[in-house]
Amino acid sequence: MEESQIQTLFQNSKTFANTGISHSYEWRVEALKRLEKVILLYEKEIIEALRLDLGKSEFEGYVSEVGFTLSEISHTIKKLKKWMRPKKVSSPLIQFPCRSYINFEPLGTVLIIAPWNYPFNLLMAPLIGALSAGNNAILKPSEISVHTSKICEKIISDAFTPEEVIVIQGEVKETTALLELPFDHIFYTGNGSVGRIVMEKAAKNLVPVTLELGGKSPCMVLGENDLEIVGRRIAWGKFFNAGQTCVAPDYIIVEKKKKSALEEAIKNGLNSFYGKEVKSSPDYGRIINERHWNRLKHIIDESEVSYGGDGDKSQKYISPTLINADSSSASMKDEIFGPLLPIVTVENTAEAIEFINSSDKPLACYLFTKDKSVENTVVKKVSSGGLCINDSLVHLSSQTLPFGGVGESGMGRYHGRYSFETFSHQKAVMKRYQIFDILVRYPPYLGKLKIIKWLLKL
Ligand code: NAD
């Protein structure tokens, strides 16, 4: 699409935002219901598109994309009235009589840029937040997950007028043109290099950004554990969507003496999920494209593989693979984003924490332990976007927890009420009354400072 066309569409969106139509509670709920209705109508097509893009099974496609989105919509509709209520806060005594509250108001027109790994969820979930907060939006899906991006466009054009919500397909050229425009917020999900470009461009127009990025999410297995459960939960979280999950356990840190028992438990988990012939399992996904397949194959070739390591380029298949690793291994350089699981060994908890804290702050951190003192130490000493104890991925499914990164793994948060807040401006309102006036703040100031100092301390 040409730059001038993008500019026109943006202007139309801005004009609609300025009418204030999207501000009412009724419009917001109705917009969410329209979206829900069309998603239900196209459920089969969405699942099929996800299969074509990522070899996603119907179960994974439903749980992590369609079902997740529908549940976010119904949670938002249920809670929206309460979220929209002005939030009362206390007032300083010095301003008595006075009332203070926070009013949540729409930002205007927002831009949502999504990646390819959960191409439906990561476009729709921020949109739900944007609509709930009374905004209209322009959506830019990933050009890599072509089938899902196409069905997303169909859903949006069926549910909304172009001024309300529109999908703009395209690659770097189109995204760059969009980033030049003075949106009221940009919500970007993807890798950190593009995240930097987004923030730089947004800065020119002083546009606030949410950056949902990635990185290496560690998974610690320390102290006492039931390894059968641990192995299964790690294998599930790591190999879901063939490891192409931003919060997948990127690598394991385990005490040396427990390594082989843990490896066995993970292999048993894998066996029970996919059987001996993983390649023919309908439940195991595929790598998104050849470029990523080649990248992962290169890591395998550079690694000490202890299990798996097979691939078939024609099917974009890579088997679940376990790797012996340390800090200098090829598999420990960048986020893996595929079904390769490096295992690093340490002597104790302190060494594990030091290992994690010597790198960027992760998006997710996993800890498996039955030991309360290990748990307390990790909670206090490791900073990460989120922490999940004794499971993997599932913290993401909670609508009452904020989801987002810290440091290199991103800025801002969403899901449930946090999405509503992200896409709202929290306007501070103070109301005073004209009943009487305390004259101490007015000039001449002579002799009044002492009284003010006393009043400010109350
Ligand atoms: P991607 O290549 O699809 O890119 C994401 C978006 O950025 C796309 O819409 C694309 O068109 C746009 N884009 C690409 N290059 C651009 C450029 N030069 N200028 C402007 N826009 C550009 O997806 P990706 O980045 O490969 O996604 C994978 C990464 O995303 C991983 O690092 C993963 O951890 C992270 N991720 C994070 C989350 C999260 O919620 N925090 C979720 C999923 C993925």
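Guide: What follows covers a helix and then the ligand. This is a predicted model, where local features need pLDDT of at least 70, side-chain atom pairs count only at pLDDT 80 or more, and totals for chains, interfaces and linings use all residues. Residues are numbered from 1 along each chain as its sequence is written, and side-chain values use heavy atoms, with hydrogens and water left out.

Visitor: Which residues of H1 are buried?

Guide: Ile6, Phe10, Ser13, Lys14, Phe16 and Ala17. Buried means under 20% relative accessible area, exposed over 50%, partly exposed in between (1.4 Å probe, protein chains only). H1 spans residues 3-19; helices (H or I, at least four residues) and strands (E, at least two) are DSSP runs, numbered from the N terminus.

Visitor: Where do they sit around the axis of H1?

Guide: Within an arc of 160°, taken from the directions from the helix axis to the C-beta atoms, so the buried residues line one face of H1. Thr15 and Asn18, on the other side, are exposed.

Visitor: And what comes after H1?

Guide: Gly20, with a positive phi near 80°.

Visitor: On to the ligand. Which side chains have a polar atom by a ligand oxygen?

Guide: Lys140 has one at 2.8 Å, and Glu335 has one at 2.6 Å. A polar contact is a pair of N or O atoms within 3.5 Å; within protein, one must be able to donate a hydrogen and the other to accept it, and residues adjacent in sequence count only if both atoms are side-chain atoms.

Methods: Expected span 1.5 Å × (residues − 1).
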